[in-house]
Amino acid sequence: MSHYIDSYDVAVIGAGHAGVEAALAAARLGAKTVMFTISLDNIANMPCNPSIGGTAKGHLVREIDALGGEMGKAADACFIQSRMLNRGKGPAVHSLRVQADRVKYHNHMKKICEMQENLDVKQAEVTEILAENGTVTGIVTHLGGEYKVKTAIIATGTYLKGLIHVGDVSYESGPDSTLPARGLSDSLKKLGIEIRRFKTGTPSRVHRRSIDFDKLEIQHGDSDIQPFSFETSREGLENIVPCYVAYTNVETHRVIHENIHRSPMYSGRIEGIGPRYCPSIEDKIVRFSERPRHQLFIEPMGLDTEEFYLQGMSSSLPEDVQIAFLRTIKGLERVEIMRNAYAIEYDCCNPQDLKHTLEFKNIRGLYGAGQFNGTSGYEEAAAQGLVAGINAARYCKGQEGITLSRSSSYIGTLIDDLVIKGCLDPYRMMTSRSEYRLLLRQDNADERLTPLGYEIGLISEKRYKLFHVKQLQIKQEISRVKSKTLSPTAELNELLLQKGTAEISTGVKMSDLIRRPQISYEDLAPFDGERPELPFEVQEQVGLQIEYEGYIERQLAEVEHVRKLENKRLPQPFDYKEIKGLSLESQEKLNRIQPENIGQASRISGVSPADVSVLIIWLSANK
Amino acid sequence: MSTDTAAAISTPRAQGGISVIRISGEDALSVADKVFQSVSCKIPPSEMEGYTCAYGKIVNGDEIMDDGVLTVFRAPKSYTGEDVVEISCHGGIFVTEQILRLIFDRGAKPAGAGEFTKRAFLNGKMSLTQAEAVMDIISADGGAGLKCAEALRDGALFRRIKTVSDGMLKLLGSLAAWVDYPDDDIPAVEEYEISAVLEAGIAELGELLESYESGRIVREGADTVIAGRPNVGKSTLMNLLAGCERSIVSDTAGTTRDIVEESVRLGDIVLRLSDTAGIHDTEDSVESIGVDRARKKLDSADLILAVFDVGSLITDEDRELSERCRNRNSIAVLNKSDLEQRFDFEEISDCFKNSVTVSAEKGDGIDALKAAVEKLYGISGFSADMGILANERQRSCALKAKQCFTDALEALKAGATFDAVTVLIDDGENSLLELTGEKASEAVVDEVFSRFCVGK
């Protein structure tokens with residue numbers, strides 16, 4: 001029998017990276033919030049990589065911060081090495097990535113949640129969602145505790161019916177040897193939610209003393225460290241540890257090949273679909289058999305532990321095979337495994353059942369976030385948690401939900417991809433998923449999202465004022481640079497030649513010189529007598545915005561082009577079988593997803609451009 | 001729209017043997033019942049099977065307006081995919097228009113421009129590029145024009161664009177992988193690889209754009225001016241051309257092109273011929289208007305056939321005409337007479353793209369002229385199968401794509417970062433996808449259907 005315990009506006013189920021962002025956002029927006037976790041000792045745990053950021057993921061973290069989320073600040077507080085990836089490939093793809101101290105990060109986030117006003121953190125497994133008339137009314141825990149709630153956010157990660165595989169051994173488990181969540185899946189199914197099965201995996205953790213670091217390539221962090229959060233000062237940030245690089249070889253591949261039949265992936269015992277973009281080592285060797293070697297990174301798990309993580313070596317092969325193939329790697333010949341690599345299967349939803357607010361289409365007040373929505377990665381999870389948390393709180397206040405456009409952010413792109421295109425395997429963010437890469441740079445996340453964060457109520461007055469000062473400084477300096485002419489002095493021409501670009505013979509606008517790829521805003525400082533003293537972040541923006549102006553304008557034109565299609569609203573709900581010119585597949589897809597406008601319809605896979613043309617003409621004929 | 005029944009005259013509004021009225025929509029058959037009494041099969045149109053026809057009377061109550069043949073097409077096996085009735089009337093424009101009005105009175109509404117094709121498109125009977133090709137077939141005059149329009153429908157152009165676009169996509173893919181997996185030891189994309197793909201794409205698009213002019217001439221015909229001093233044989237040449245295949249269209253009065261006299265077909269190309277007043281200085285004010293107009297015409301023509309009499313010495317007028325032909329699509333037509341050749345063509349030959357010798361009297365040299373015109377437009381060896389840009393919309397997409405790839409190449413050579421170069425390639429790729437209809441945009445749809453006329 002269940003018993004009444006308490007009432008809340010928002011219940012967050014799960015306290016991983018999605019859960020904590022959701023709970024913190026909802027509580028900060030004034031909603032009375034409770035966050036449930038199966039184990040308080042696993043709040044914001046990193047059961048896989050002890051790192052935050054990376055290509056496109058780093059962008060997500062910057063965006064989370066710009067909107068008023070927590071992940072960026074926590075990463076800044078707990079990192080032990082920081083690197084900006086893709087330097088030299090252009091500002092659009094610069095991506096920040098840090099190694100975090102895993103335990104410190106957990107403790108830090110747990111404390112932040114515990115200290116948060118309006119937020120209660122509870123250890124319990126939620127086994128049932130209560131709903132009446134298609135609206136959430138409460139949740140029930142495994143102990144029978146019943147909570148009346150207005151909204152529930154499901155952020156169950158890999159816990160939902162979690163099943164771990166190592167070779168031919170399988171056992172029910174959450175990640176990192178926690179208990180799995182057993183009951184909730186059935187409750188969701190009863191509510192009419194489609195449940196799917198995905199799989200992911202993690203590499204083994206090995207002991208420091210069993211690694212020959214002398215035989216490995218060392219990889220240091222950046223000397224000039226940039227933080228994730230726009231609020232973190234650059235002062236005093238430092239790298240504490242290096243990481244290391246090693247390579248697999250022909251022998252490693254031979255061991256894996258000979259034992260491939262013992263992998264549950266290949267014997268068919270795993271039914272879940274694994275991530276294409278984060279494959280296990282056996283997957284990589286089978287799929288890219290022409291590659292003579294694969295790279296792996298050896299990364300410390302934290303400062304208070306001797307455990308090292310082997311990035312790139314996730315596997316579900318049996319324990320003895322894991323030991324055997326690792327020991328073929330130069331530097332790991334006497335490696336000792338502390339935790340085995342494993343694959344984990346878990347239940348998740350079909351995100352096409354969600355709206356752009358991350359609320360389920362068929363149940364008011366029920367939201368999904370993180371791996372439960374079919375993604376992979378802490379950053380993707382946190383981004384969705386933030387959006388779900390914001391929208392759950394707004395729902396409770398009777399406000400309309402917020403949605404982010406593809407052209408505003410990677411977060412918007414992520415959610416639009418999930419809701420409109422859906423995903424057939426765990427979705428990982430990549431820069432190539434955005435058609436507006438040059439607009440969605442990690443350096444300008446604040447410009448894109450902080451005004452919205454302020455409007456929502458997650459950005460403080462103080463921060464917003466500082467943001468405004470920064471934007472004003474950027475604007476003023478750009479207009480000064482554009483009107484300032486530099487004379488062809490011998491010193492300037494010497495610099496131009498030295499940088500490999502043509503000399504000037506007449507006065508030239510400073511901005512025209514900055515547009516030359518060889519010349520930066522900073523290079524011209526000695527020739528620019530009136531240059532004001534500006535913070536690094538402002539100088540960076542001035543340089544980028546001038547240098548890339550033409551490209552940015554092109555992308556803005558494309559945004560406008562798409563906006564026209566987004567403004568063409570489709571009726572809802574509507575039976576697309578009525579339009580005979582549409583292909584059968586497209587009728588079915590449109591009926592399921594019920595896009596709000598032509599722009600969304602055009603992104604649904606299976607809806608061809610011809611179908612979109614049919615919709616455009618049909619709309620204009622039915623005005 | 002799909003529930004409305006629309007009607008229009010689907011044949012050109014010109015005097016002819018028959019005119020066809022097309023009615024399409026749910027009520028097409030019941031409307032037909034009200035205006036048509038079958039003589040041949042005694043059943044009303046609504047009881048006729050698809051793909052059958054009947055001879056009968058077109059009636060307004062008791063009044064017989066015309067007799068004609070009615071053909072029934074049943075949905076979805078019709079041009080529009082709806083029930084369609086086509087009535088062939090015999091009574092000329094006035095009567096046909098009367099009948100159409102009657103059909104409107106009986107419940108059909110007037111069809112908008114391109115409405116039947118739009119319906120066909122909405123009902124899944126054709127793709128957007130097919131719809132576009134339908135438009136080109138309707139407006140194609142010459143034989144080769146029709147072939148080109150058909151080839152487009154079958155995808156010759158599509159295949160050529162696809163080759164370029166696939167190359168770019170592959171390049172974008174490797175750039176993306178290299179950027180998205182910095183830790184995965186994916187080989188860096190080298191500058192020379194990017195420029196190779198870009199250069200190949202630019203070259204292919206350049207070829208397509210160059211052949212656009214040929215395609216346009218094949219499709220639309222060439223505005224051709226026959227110019228020369230009085231009495232050099234212009235009229236004889238005109239007659240010679242007109243004689244080899246009598247005019248297809250004769251000009252109707254009241255159009256703006258009051259200089260146009262005749263359209264003739266030379267091989268696969270339609271020449272819209274204008275004879276002009278000679279270009280010479282004159283004191284006479286009336287004549288000077290004519291000369292002025294002739295100059296303008298000369299300056300705007302697609303093709304100039306400058307006729308010279310080889311029996312006389314070169315004159316200042318000949319020289320002025322030659323200068324006006326410089327850098328234009330011009331052919332010197334040297335008219336041979338029985339007299340001794342006194343004309344020094346060498347003096348002016350560099351003004352012309354080509355020259356031919358004809359004997360207007362004897363009627364020979366036409367084949368040489370035909371060959372010269374075809375060579376000028378690159379039409380010799382021009383085959384519809386090779387895929388060409390068929391219209392202004394396609395040309396502007398190809399042009400934009402070429403420009404983007406050229407910009408990308410320049411940016412690359414200037415040392416711009418790859419993310420910026422990628423934006424330019426993306427932009428060009430989008431234009432190509434718009435060209436082939438693989439990217440939907442409102443502009444494309446509007447553009448395609450705006451070119452349709454009523455009745456199609």
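Student: Why does helix α13 of chain B count as largely enclosed by the rest of the structure?
Tutor: Of the 19 residues of α13(B), 18 are buried, so this helix is largely enclosed by the rest of the structure. Buried means under 20% relative accessible area, exposed over 50%, and partly exposed in between, using a 1.4 Å probe and protein chains only. Helices (H or I, at least four residues) and strands (E, at least two) are DSSP runs, numbered from the N terminus.

Student: What should I know about the model and its numbering?
Tutor: This is a predicted model, in which local features need pLDDT of at least 70 and side-chain atom pairs count only at pLDDT 80 or more, while totals for chains, interfaces and linings use all residues. Residues are numbered from 1 along each chain as its sequence is written, chains are lettered from A and ligands numbered from 1 in the order in which they are written, and side-chain values use heavy atoms, with hydrogens and water left out.

Student: Back to α13(B): what span does it reach?
Tutor: Helix α13(B), residues 418-436, reaches 27 Å from its first C-alpha to its last, close to the 27 Å expected at 1.5 Å a residue. The expected span is 1.5 Å times one less than the number of residues.

Student: Which residue of chain A meets B:D427 in a salt bridge?
Tutor: The partner is A:R554, at 2.8 Å from N to O. A salt bridge here is a side-chain nitrogen of Lys or Arg within 4 Å of a carboxyl oxygen of Asp or Glu. A:R554 lies in helix α17 (residues 549-566) of chain A and B:D427 in α13(B), so the pair joins two chains.

Student: Are those two residues buried or partly exposed?
Tutor: B:D427 is buried, with a relative accessible area of 9%, whereas A:R554 is partly exposed at 23%.

Student: How many salt bridges cross the interface of chain A and chain B?
Tutor: The rule finds three across that interface. Over all chains, a search of the whole structure finds 72.

Student: How many residues of each chain are in contact?
Tutor: 47 residues of chain A are in contact with 41 residues of chain B, contact meaning heavy atoms within 4.5 Å. The two chains bury about 3600 Å² between them, 55% of it on carbon and sulfur atoms. Buried area is the accessible area (1.4 Å probe) that two parts lose on being put together, summed over both. A:K89, A:R554 and A:I617 supply 20% of the area that chain A buries against chain B, more than any other three residues.

Student: Now the sheets. What is the strand order in the open sheet of seven strands in chain B?
Tutor: The order is β3-β4-β5-β6-β2-β1-β7, with mixed pairing. Two strands pair if DSSP finds at least two bridges between them. Strands β3 (36-38) and β7 (109-110) of chain B are at the edges, each pairing on one side only.

Student: Which helix packs on that sheet and touches β3?
Tutor: Helix α1 (residues 28-35) of chain B does, touching β2 (19-24), β3, β4, β5 and β6 (84-89) of chain B, and its direction makes about 75° with that of β3(B). Axes are lines fitted to C-alpha atoms, for helices over the stretch in contact, and angles run from 0 to 180 degrees between N-to-C directions. Helix α3 (residues 115-122) of chain B also packs on the sheet, touching β1 (6-9), β2 and β7 of chain B.

Student: How do β4 and β5 of chain B run?
Tutor: They run antiparallel, joined by nine bridges. Within this pair, B:Y55 has B:V69 in β5(B) as its bridge partner.

Student: And strand β8 of chain B: how many of its residues are buried?
Tutor: Six of the six residues of β8(B), residues 222-227, are buried. B:A222, B:T224 and B:I226 point one way, and B:D223, B:V225 and B:A227 the other way. In a regular strand the side chains alternate between the two faces of the sheet. β8(B) pairs with β11 (residues 303-309) of chain B in the parallel sense over four bridges, and B:A227 has B:A306 as its bridge partner.
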